[in-house]
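Please walk through this fold one element at a time. Start with a helix, then turn to the sheets and the cores.

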Amino acid sequence: MAGLPVRGIKTVVEAIEDGGPGIKVYTLCDPDRWELPPFKPGAHIDIYLPGGLVRTYSLCNDPADDKRYVVAVKREADGRGGSIAFHDGVKAGDTLVVSLPRGGLRIDGAHHVTFVAGGIGVTPFLSAADYLARRGGDFTLHIIARGEPPLAAMLAPHRASGHAIIHDTRVSARPTLDALIDTAPQSAMLACCGPLDMLDAFERATQGWPAERVHVERFVAPALPIDPEARPFQLVLARSQREIEVRLGQSMLDALLKAGIDIPASCCGGICGACRIDWLEGTPVHRDRVLSPAERARSLMACVAGSAEERLVVDL
Ligand code: FES
């Protein structure tokens, strides 16, 4: 488990509200109510929870709302323990350390954005919906839910404006991903977040779309297939000229942490973006699901990336 982040932000839990069945909405503020570091629509923060767990959550409020970080947490009885630690262990007035916000959706300049969310998968799209609505952007937010959707109060203005469409599977058949994507203009950007089977269907339905206009948001890292080409390598830290061996079967992140180098980490599966570092020489083998091709030309995710050569130089 990673320790507290070097550049962590101390926040206090200002409010805890009901977000629907099994969901709590937490509002985090600076202890003196100063502005918090800015974030992009669809950005995430890591939250350091009681008991030493670190979990990544989407920020749900408008990025223009610079004094609050709002996150929604659904209690998952069969999850990995983060949501239970949150629901049971965090009270209003508590102090929580969080990471700087990172990531976000590349929606600036898009003619239209079609979001498809399954249930609580709507969280990464709420800040983007507020952002687009405020700027007059064109978007449609489809929410597939059984009954009343989660976070109905946050969705209300977007439902009223006609931007958010609820597909209640109790009253009508579940729409196919193909059918929803067919309603999007050809120039649209498409984004999906929800259960794994929905994400798989979305990836199949968008196979013919340009990759830079398709975004899949994952909560749970997919299992990494064994790479038969994987090999041990020397990791060279350019700034200190230290050399660290990354053994076969070991992750670069693990080798760095064992060498005492503090790298933030959360998902350890290449989806959250926490462990991003820049590389300078060599040939990384990227296995993440978070970096774009352009970003990979400069960065790698240390929890999953390998090296195609015996030596890889990183900017540390
Ligand atoms: S820890 Fe999440 S991408 Fe590496």
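Helices (H or I, at least four residues) and strands (E, at least two) are DSSP runs, numbered from the N terminus. Just after helix 3, G162 takes a positive phi of about 85 degrees. The model is predicted: local features need pLDDT of at least 70, side-chain atom pairs count only at pLDDT 80 or more, and totals for chains, interfaces and linings use all residues. Residue numbers start from 1 along each chain as its sequence is written.

Stay with helix 3, residues 152-160. M154, L155 and H158 are buried there. They span an arc of only 85 degrees around the axis, which puts them on the same side of helix 3. The arc is taken over the directions from the helix axis to the C-beta atoms. The face turned away from that buried side carries the exposed residues A153, A156 and A160. A residue is buried if 20 or more other C-beta atoms lie within 10 Å of its own, exposed if 12 or fewer, and partly exposed in between; C-beta atoms are placed from the backbone. Helix 2 (123-134), strand 8 (139-145) and strand 9 (164-168) are among the elements covering the buried residues of helix 3.

Strand 9 also belongs to a sheet. Five strands form this open sheet in the order 9-8-7-10-11, and the pairing is parallel. Two strands pair if DSSP finds at least two bridges between them. Strand 9 and strand 11 (214-217) each have a single partner strand, so one side of each is left without a neighbour in the sheet. Strand 10 (residues 189-193) and strand 11 run parallel, joined by four bridges. C193 stands opposite E217 in strand 11.

Other strands pair too. Strand 12 (residues 233-237) and strand 13 (residues 242-246) are antiparallel over five bridges. V236 has E243 in strand 13 as its bridge partner. Four residues lie between the strands of this hairpin, where Q241 takes a positive phi near 60 degrees. Strand 12 also runs parallel to strand 18 (residues 311-314), through four bridges. Here Q234 stands opposite R311.

Which residues touch the most other members of the largest nonpolar core? They are V71 and F125, in a core of 59 residues. Helix 2 gives the most to this core, with six residues. A nonpolar core is a set of buried Ala, Val, Leu, Ile, Met, Phe, Trp, Tyr and Cys residues joined through C-beta atoms within 7 Å. A second, separate core of 23 residues includes A265, A274, M301 and V314.

Methods: Two residues are in contact if their C-beta atoms, placed from the backbone, lie within 7 Å.
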